[in-house]
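Welcome! Have a look at the sequence and the model first, and then read on.

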Amino acid sequence: MEKLIITAALVGAEVTRQDTPYLPVTPEEIREAAAQSWEAGAAIAHIHVRDEAGRPSQRRDLYEATIREIRKRCPIIIQVSTGGAVGMTAEERLQPVSLRPEMATLTTGTVNFGEEVFMNPLAEIRRFAETMERSGVRPEFEVFDTGMLGTALRLVQEGWVTGHLHFDFVMGVPGGMPATARYLLLLIHQLPAGATWTVAAIGKHQLPMATLGITQGGHVRVGLEDNIYYRKGEWDTNAQLVARVKRLATELERDVATPEEARRLLGLKGK
């Protein structure tokens with residue numbers, strides 16, 4: 001198997017300091033969380049940002065400050081979110097792509113998101129893909145339900161996305177696909193040759209799905225965006241979650257990729 005790429009999803013848009021005191025919010029806090037996750041074994045930092053009041057934001061200046069801080073501290077690959085938060089406009093969500101990070105997420109469908117709806121009409125998905133392609137940003141297809149994989153492959157067929165293909169299967173979101181081995185295997189068996197994939201799972205599903213991802217030759221995303229507990233009732237940090245996945249991979253005799261090794265696997269040019 002190729003080396004394991006660990007992504008640390010540091011912040012997200014839903015978790016608050018009331019949920020866990022370990023959530024990084026400011027650019028400096030996100031910088032430290034990224035550096036600590038890199039030291040623990042992460043190759044990619046998936047980032048959202050928060051405004052001065054701690055609310056989810058897609059402001060370009062906040063992303064610029066956060067990316068600058070992270071690059072001061074470590075060589076981790078920076079992947080920005082274009083999901084933002086439910087209810088944001090396409091213009092809001094696309095702001096960080098103008099900074100030309102190495103990677104950005106690209107959600108390929110509309111999905112119920114708890115009590116809300118995360119809207120992604122096809123015309124808007126094409127716009128996001130075209131903006132990333134023009135900016136030299138590698139998309140990570142965010143697949144919350146099985147039909148989104150077909151839409152992602154349609155974008156490739158239509159020429160909106162070129163180069164290496166990388167997918168993130170986000171499992172266990174209320175309203176999306178369940179976090180089970182059956183669903184994961186269904187998805188990975190439909191991928192084109194040469195594509196890479198990551199599995200991310202919510203809450204209690206994170207650890208078993210991460211283990212499955214390691215053994216099935218995929219990659220793994222963990223972090224406070226998806227899971228705030230190390231075990232039931234015990235808060236964790238981003239670095240603790242990354243370190244646990246690295247230990248699991250070591251026990252399963254699978255090496256963990258450095259950021260430079262991950263760049264080669266994902267066809268990134270670096271910044």
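E32 is partly exposed, because its relative accessibility is 25%. Please keep in mind that the model you are looking at is predicted.

**Salt bridges**

- E32 and R73 meet through their side chains in a salt bridge, with 3.0 Å from N to O.
- This pair joins distant parts of the chain, since R73 sits in helix α2 (residues 60-73) and E32 in helix α1 (residues 27-40), 41 residues apart.
- Across the whole structure, a search finds 22 salt bridges.
- One of them is between R221 and D226, whose closest N and O atoms are 2.9 Å apart; here both residues are buried.
- Another joins E158 to R126, with 3.0 Å between the closest N and O atoms.
- That pair, too, links distant parts of the chain: E158 belongs to helix α5 (residues 147-158) and R126 to helix α4 (residues 122-135), 32 residues apart.
- E158 is partly exposed, because its relative accessible area is 36%.

**Helix α5**

- Helix α5 has 12 residues and spans 17 Å from its first C-alpha to its last, close to the 16 Å expected at 1.5 Å a residue.
- Which residues of α5 are buried? They include M148, L149, T151, A152 and L155.
- Looking down the axis of α5, you will find its buried residues within an arc of 165 degrees, so they line one face of the helix.
- On the other side of α5, G147 and Q157 are exposed.
- The buried residues of α5 pack against several elements, among them β6 (103-107), β9 (138-143), β10 (166-171) and α6 (181-188).
- Just after α5 comes G159, with a positive phi of about 90 degrees.

**Nonpolar cores**

- In soluble globular proteins, nonpolar side chains tend to be buried together.
- The largest nonpolar core here has 78 residues, and L10, I47, F167, F169 and L184 touch the most other members.
- Apart from that core lies another, of 9 residues, including I5, I44, A257 and L268.
- Beyond its neighbours within four places in sequence, I47 is in contact with residues including L10, I30, Y63, I67, I70 and V80.

Notes: Residues are numbered from 1 along each chain as its sequence is written. This is a predicted model: local features need pLDDT of at least 70, side-chain atom pairs count only at pLDDT 80 or more; totals for chains, interfaces and linings use all residues. Side-chain values use heavy atoms; hydrogens and water are left out. A nonpolar core is a set of buried Ala, Val, Leu, Ile, Met, Phe, Trp, Tyr and Cys residues joined through side-chain atoms within 4.5 Å. Buried means under 20% relative accessible area, exposed over 50%, partly exposed in between (1.4 Å probe, protein chains only). Contact means heavy atoms within 4.5 Å. A salt bridge is a side-chain nitrogen of Lys or Arg within 4 Å of a carboxyl oxygen of Asp or Glu. Helices (H or I, at least four residues) and strands (E, at least two) are DSSP runs, numbered from the N terminus. The expected span of a helix is 1.5 Å times one less than its number of residues. The arc is that of the directions from the helix axis to the C-beta atoms.
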